[in-house]
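Reader: Could you show me the model, and then walk me through it while I ask things as they come up?
Author: Gladly; here it is.

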Amino acid sequence: MADKDVASLVNRVVMPGDVIGKVADLEATIEGKIKIKFGPGLREENGVILAYKAGVLRHRKPATYLIDCNQRRYVPVKEERVIGIVTNRGSDSYKVDIGGAMPASLPSLSFEGATKKNKPNIQIGDIVYARLSVANKDMEPELDCTDGSGKSMGLGPLNGGFMITCSLGLSRKLLSKEFVLLKCLGKYFPFECTVGQNGRVWINSSSTSHTITIANAITNSEYMTNDQIQTMVKQLMRGVQA
């Protein structure tokens, strides 16, 4: 694949060890001073982009490239939004399970308005939606419940509701504007839904039965087309109303 440019490989299957292209050639195709970002499955070695996972090469505008695959083990990527479970608490930080090889650290001051005298009341077992501020294979991941400027922007504790796990591929589908599932469900159910890029989905609705229906719809949708999803949601609605 070395003789092909990156654009020609987007949305095609690549294998571990495939040469995706050269960083210099890719930078030449991008307008402005936008930094290229490599997501899960890709890495740069000596100016060459290599795949180290099998999957479909994806491009997210303006300049993010990644390998889309249905693995469940999450590999932390800087700036991704994830849902974690608090597993331990110390005097100045929390340990959070994000589904990776090691827990992430969440400083107690990494919340909007938090101070040494006014720390958030986070307990073991609580669910948090956070941004990965540090993600390096040689370091412990670190989370932040602000957008980097001190504002929460939807990040922070997720109170109540119900969390399910899914493949990383499905979580990325749920975050895509082209995937119609959440829009279809929103026509029938008033609910809140937060999707973490680590394969976790938090759902909060007005009743337990609605929450279960939404969770089942999400789980069943992984390999469906948009037309199949619309049919499934209508069938689920008939079952709820029966």
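Reader: Of the contacts in the chain with a separation of 6 or more, what share comes from residues 24 or more positions apart?
Author: Such residues account for 62% of those contacts, where contact means heavy atoms within 4.5 Å. Before we go on, please keep in mind that this is a predicted model, in which local features need pLDDT of at least 70 and side-chain atom pairs count only at pLDDT 80 or more, while totals for chains, interfaces and linings use all residues. Residues are numbered from 1 along each chain as its sequence is written, and side-chain values use heavy atoms, with hydrogens and water left out.

Reader: How many helices and strands does the chain have?
Author: It has six helices and 16 strands, both being DSSP runs numbered from the N terminus, with at least four residues of H or I for a helix and at least two of E for a strand.

Reader: And why call it as compact as a globular protein of that length?
Author: Because its radius of gyration is 20 Å, close to the 18 Å that the globule rule gives for 242 residues; the radius is taken over C-alpha atoms, and the rule is 2.2 Å times the number of residues to the power 0.38. Along the principal axes, the C-alpha atoms fill a box of roughly 55 × 50 × 30 Å.

Reader: Switching to strand 8, which strands does it pair with?
Author: Strand 8 (residues 81–89) runs antiparallel to strand 11 (residues 127–134), with five bridges joining them, and it also pairs in the antiparallel sense with strand 9 (residues 93–97), over four bridges. Pairing here requires that DSSP finds at least two bridges between two strands.

Reader: Which residues face each other there?
Author: On the strand 11 side, Arg81 stands opposite Arg131, whereas Asn88 has Lys95 in strand 9 as its bridge partner. Strands 8 and 9 form a hairpin, with three residues between them.

Reader: Now Ser105: is it buried or exposed?
Author: Ser105, which lies in strand 10 (residues 104–107), counts as buried because its relative accessibility is 10%; buried means under 20% relative accessible area, exposed over 50% and partly exposed in between, using a 1.4 Å probe and protein chains only. Of the 242 residues of the chain, 43% count as buried.

Reader: What is Ser105 in contact with, beyond its neighbours within four places in sequence?
Author: With those neighbours left aside, Ser105 is in contact with Ser93, Tyr94, Glu140, Pro141, Glu142 and Leu143. Met15, by comparison, is 90 residues from Ser105 along the chain, and their C-alpha atoms are separated by 33 Å.
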